[in-house]
Amino acid sequence: MYLNAHSYYSLRYGTFSVEKLVEAAVRRKAEALALTDINNSSGMIDFVKACKEQNIKPIGGMEFRDGDQLLFTGIARNNEGFRELNEYISSINLGEKEYSETAPDFSNVFVIYPFGKKLPRKLKDNEFTGVKPSQTGKLLSHSRQELSRMVIRQPVTFADEQTYRLHKNLRAIDHNLLLSHLKPGMYAAPDDIFLSPEAIRQPFAQYPQIIENTMQLTDACAIDFDYDSVKNKAAFTGSRYDDKILLEKLTYDGLKYRYGNNKTALQRVKSELAIIDKLGFSSYFLIAWDIVRYSMSRGFYHVGRGSGANSVVAYCLKITDVDPIELNLYFERFINPKRSSPPDFDIDYSWKDRDEVIDYIFKRYGRKHTALLGTSVTFRGKSIYRELGKVHGLPKAEIDRLTENPATEKDRNSITRHIHSLAVLMTDFPNIRSIHAGGILISEKPITCYTALDLPPKGFPTVQWDMYVAESVGFEKLDILSQRGIGHIKDAVDIIRRNRDIDVDIHKVEKFKNDPRVKAQLRRAETNGCFYIESPATRGLLKKLKCDDYLTLVAASSIIRPGVARSGMMKEYIYRFHNPDKFKYIHPVMKEQLEETYGVMVYQEDVLKVCHHFAGLDLADADVLRRAMSGKYRGKQEFRRIVDKFFENCRARGYPEHITKEVWRQIESFAGYSFSKAHSASYAVESFQSLYLKAYFPLEFQVAVINNFGGFYHSWVYFNEARRQGGNILLPCVNNSEYKTCLRGKDIRMGFIHISKLEKTTGKKIIEERERNGNFTGLEDFISRVEPGMEQLILLIRAGALRFTGKSKQQLLWEAHLLQKTNKPLPKGLRLFDSHARQFKLPQLENDPLEDAYDEIELLDFPVSMTYFDMLQTAFRGEALARDFNRLVGKKIRVVGLLVTIKYVKTVKGELMHFATFLDPSGEMFDTVHFPPVLKKYPFRGHGVYLILGKVVEEFGYAGIETEKMAKLPFRPDPREE
């Protein structure tokens, strides 16, 4: 009876989640149900599982629409039919075919056309006409032969009047129209409701043949998935045995390279290889090795992360550079005999190289078997109110108020109350299918056996469901991620080679870890530009820990995560780190398992250890709990069962209730934030690479950071750091600049990319013309050769890019206007001779350096020819600099600082407070705290230089300012505006 049901994966159309759709079918005593979402199969994996749990027969299908026009509905006879449906819509999504009103020649699919769409005599053997109960009055003129080609089509789109209104709002959002402007063809009919079987049959009482046709079609269809087996590519070499042999050979070769004749490592390798083979994960490791092998052959840098980094095998294969034995990484976190899915590998590449690596994977393993992982962008939070406010025609000001404060504005009137009721229903509905950050699936069977494919702007086929669905059906993703930290390391090495003719082997991490200059720089938290350790909070933590070694940095990389900090255990960890003999472990098990981290849970492995050894959970349950804590598991009932078991086991072991609750509080604080130790170790390796480059090649490193645009701070902060380290920052120049910033000796020449509103084509054309025909000799020569538009020319002049002419900006601007009016050249191909414009004698025009500074702020984001402090009206530069703070602890001082960044924090009372970072006049950073009472009286007033009165406070040797008063200092005005 139910051959046309929609879930909310029919985007901005359906109103049922998959679970609620199946629950509604149970209430109506449905024996079978077909999910036919519009142009997608996103919900099918979950749908089949939910139906099986409720003893309902699941049927696969898909409704094909071209815009609002219903073309036909496909009902899969079996899994092969489901694959055909997926391949058909995929071919449309991938641009290989266009929508057609006629279905293709399916082999295992029944096709149902809407009533009146196609004459019954023209239907093929697998095709039918679908008749809605409301259309039975039109059947009187049809012959018995025609009736034999008809089935009941009762669309299921909503449950009641309330969800019908929700459906219409979704359609208005989809069409970007006012609700009142929707036309009937844009939304479903009011009778597309989930009726009972009796209510559906009743209108067809005179047409038993149609009922019988429907039942026969239903009986002929079935779909099922194996949720227990791994769906990834089964064998890398062609056979599982050959995979085992190859993996062993590669691993033992790598063992000699990594460890020499280390017996401990040999035993660990043997143990891991046995488990990898037993669980059938050899091909997964070999595929990861193959990807890394290819990328290394292309000269790409990579960082291997994920739980796979706990594996000595992965270390020997060079998938990761983290030594699990050195770090005592928890083997069961990597893999345990109860684990049914392989460990995950996250492989980071430079943002410049990642797409080439992905392209290799698709070509190596085939587009039929490879796809990017999808995800759904859902309706959430304030954005729902904005969308609903628009379709209800609310004025912009009212929409803004409702969006900003829905809790207080929702009861303003009947419309806002109605919008709020719809927003509650819409929350977490899928809105847009998108791409996972880096997940790639490599399947043994064609991907279309499980899903249809989209082609997002990224240009690679993408599955229509997310990582939770992938995992539930047996896929394990490989994460191929992009990271700008790797980009600036690689670029720094290239710049060093060009600028100093030195080849740096960036993989000598052991050398970097023990280098005195690198260790000293880390201890001082001189980390501006260094991957993952440059933020104000991390710099503060490094200073508090007096961190100068790898293992402490590994811990710091995880401690700084919000989970540990939120639980209050970050401060406790720092205290215990400095006072290892002055604290008590909450329980002997915590000393036994977490002595390395002073009884504080720092890593995901620590959750495993505590759950297993403290609460007695088996490794499988402990791993589910860990994964749920890191947002990688969505089985709420299973999670609840394990939580209950945690507390039951603790009671059975006789633990005091307060100890159990405190241990659980610390575990719970990890939710969504915890790192594995291997992950933190991988980040720490990359941090040491950055630290080494910064310590020995500071200018090259800083230019690389600037050119990768991916650090914690704005670019101007990195230019400041380069200047602080002895670099000469030079303005863009049409005769000397590249498109990106370049370094020659100690001169750092800003690139054209930094000039606001300068078009990329203009910047590239300047370089091409200069390389082809030499430097520009003057303004007229530049104009005639590059032919910039007037707007682009003015930008270049105001940015100082034509200073080589020796003329002031005012003179250049005057001449530019004259030349553009009087010298409109023919296209180059039509010129016989170069002509020169008439020369004019101009009066002497004054130029104020302050004008240049204002131009530079507008166009380059910061003043280059002077500092912000030089622009102040006052000559006062504070009573102390950042380097003086440690000897002034407890004293009240006045300091002057340029605002760098603000962190917004809410207190337990819900009041706003700030942590801020400033640059002092010498270019050194310092940090301030602004508690709510002070912040209310002395708020921040945008970017600029501030005078701060406050007390110097210190914690574990890290000094900052507790602000009492603050005022923004005025600059000297732009002379042109006086």
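1. Is F362 buried or exposed, going by its relative accessibility? This is a predicted model, and in it F362 comes out at 1% relative accessibility, so the residue counts as buried. The cut-off for that is under 20%.

2. F362 has a ring partner in F460. The two ring centres are 5.0 Å apart and the planes meet at 25 degrees, so this pair is stacked; planes have to be under 30 degrees apart for that. F460 is buried as well, because its relative accessibility is 8%.

3. What I like about this pair is where the partners come from. F362 belongs to helix α13 (residues 354-365), while F460 is in the loop between β11 (453-454) and β12 (462-463), so the contact ties together parts 98 residues apart in sequence.

4. For another stacked pair, have a look at Y573 and F577: 6.3 Å from centre to centre, with 25 degrees between the planes. Here both residues lie in helix α25, four residues apart, or about one turn of the helix.

5. Staying with α25 (residues 569-578), the buried residues there include M569, Y573, I574 and R576. They span an arc of only 170 degrees around the axis, which means they sit on the same side of α25. Y573 itself counts as buried because it has 4% relative accessibility.

6. On aromatics overall, the structure has 47 aromatic pairs. Ring pairs also join F64, F72, Y88, F106 and Y113 into a cluster.

7. Two lysines are worth a click too. K318 lies over the face of Y257, 4.2 Å from the ring centre, and K513 has its charged end over the ring of Y550, at 3.6 Å from the centre.

How values were computed. Residues are numbered from 1 along each chain as its sequence is written. This is a predicted model: local features need pLDDT of at least 70, side-chain atom pairs count only at pLDDT 80 or more; totals for chains, interfaces and linings use all residues. Side-chain values use heavy atoms; hydrogens and water are left out. Buried means under 20% relative accessible area, exposed over 50%, partly exposed in between (1.4 Å probe, protein chains only). Helices (H or I, at least four residues) and strands (E, at least two) are DSSP runs, numbered from the N terminus. The arc is that of the directions from the helix axis to the C-beta atoms. Rings of Phe, Tyr and Trp (its six-membered ring) pair if their centres lie within 6.5 Å; planes under 30 degrees apart count as stacked, over 60 as edge-to-face and the rest as tilted. A charge sits over a ring if NZ of Lys or CZ of Arg is within 6 Å of the ring centre and within 35 degrees of the ring normal.
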